[in-house]
Amino acid sequence: MRQPTRCTRPCRPNPVSLRQGWTRTRGQPVVMTEVHLGEADVLRQLDERRDRFENQGLRLVQCWDEAFPRGTLPFRLVRLGGESNTLLRWRSGAGARESAGRRLELIQASDMFATLPEPVRTRLLDIEQQRIAINHEYALAAYAAQQLRRLMSQRNALAQLRRLHHAASRLPNPTQRR
């Protein structure tokens, strides 16, 4: 087995890199490459992307409500609030009193799905496909933004620690002999 070679360059990450990719040249080990983008710009792009998919999700819920008013079917499409990276969910219960409802996965509710008329099933499958795609893209953008914010926070804390260390190292050491 080939031993890894030791890097002689100082390891200093670029403070503005976010996206990283792997490249391989023929016969060479895998090498990490970086695409340099400003973190604030990347964060803004991620937030805009997340907002775009959130708007698509809201439009899909409106479309659902128009096609299937409350009480028409024993379940409904809802937008989740809070910090969840899942934007849209199915909830069982169609009445106003059952606004919370139990979580439902349409794909797993085949017995209920089979009782619906063909045009309704077709429409539901289209909406479910859109819901899955929107949730996926929303979650990717939301998670990437969360992780970038975490990285920026950790870097700021590390920079503050370095400043404190630097300031402390310039103070005279009372235990040292002159």
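In the predicted model, Leu77 contacts Leu60, Val61, Trp64, Leu88, Arg89, Trp90, Ile127 and Arg131, leaving aside residues up to four places away in sequence. Leu77 also belongs to the largest nonpolar core, a group of 22 residues in which Trp64, Phe75, Leu77, Trp90 and Leu124 have the most contacts. At least two residues of this core come from each of α1, β3 (75-79), β4 (88-92) and α3 (118-169). The greatest contribution is that of α3, which provides six residues. In soluble globular proteins, nonpolar side chains tend to be buried together.

The buried residues of α1 are Glu39, Val42, Leu43, Leu46, Asp47, Arg50, Phe53, Glu54, Gly57, Leu60, Val61 and Trp64. Because an α-helix has 3.6 residues a turn, residues three or four places apart point the same way.

One of these buried residues, Asp47, lies within α1, which comprises residues 39-67. The relative accessible area of Asp47 is 17%, so the residue is classed as buried, the cut-off being under 20%. Apart from residues up to four places away in sequence, Asp47 touches Ala145 and Arg149.

Technical notes. Residues numbered from 1 in each chain as written. Predicted model: local features only at pLDDT ≥ 70, side-chain atom pairs only at ≥ 80, totals over all residues. Heavy atoms only, no water. Helix = DSSP H or I, 4+ residues; strand = E, 2+ residues; numbered from the N terminus. Buried < 20%, exposed > 50% of the residue type's maximum accessible area, 1.4 Å probe, protein only. Contact = heavy atoms within 4.5 Å. Core = buried A, V, L, I, M, F, W, Y, C linked by side-chain atoms within 4.5 Å.
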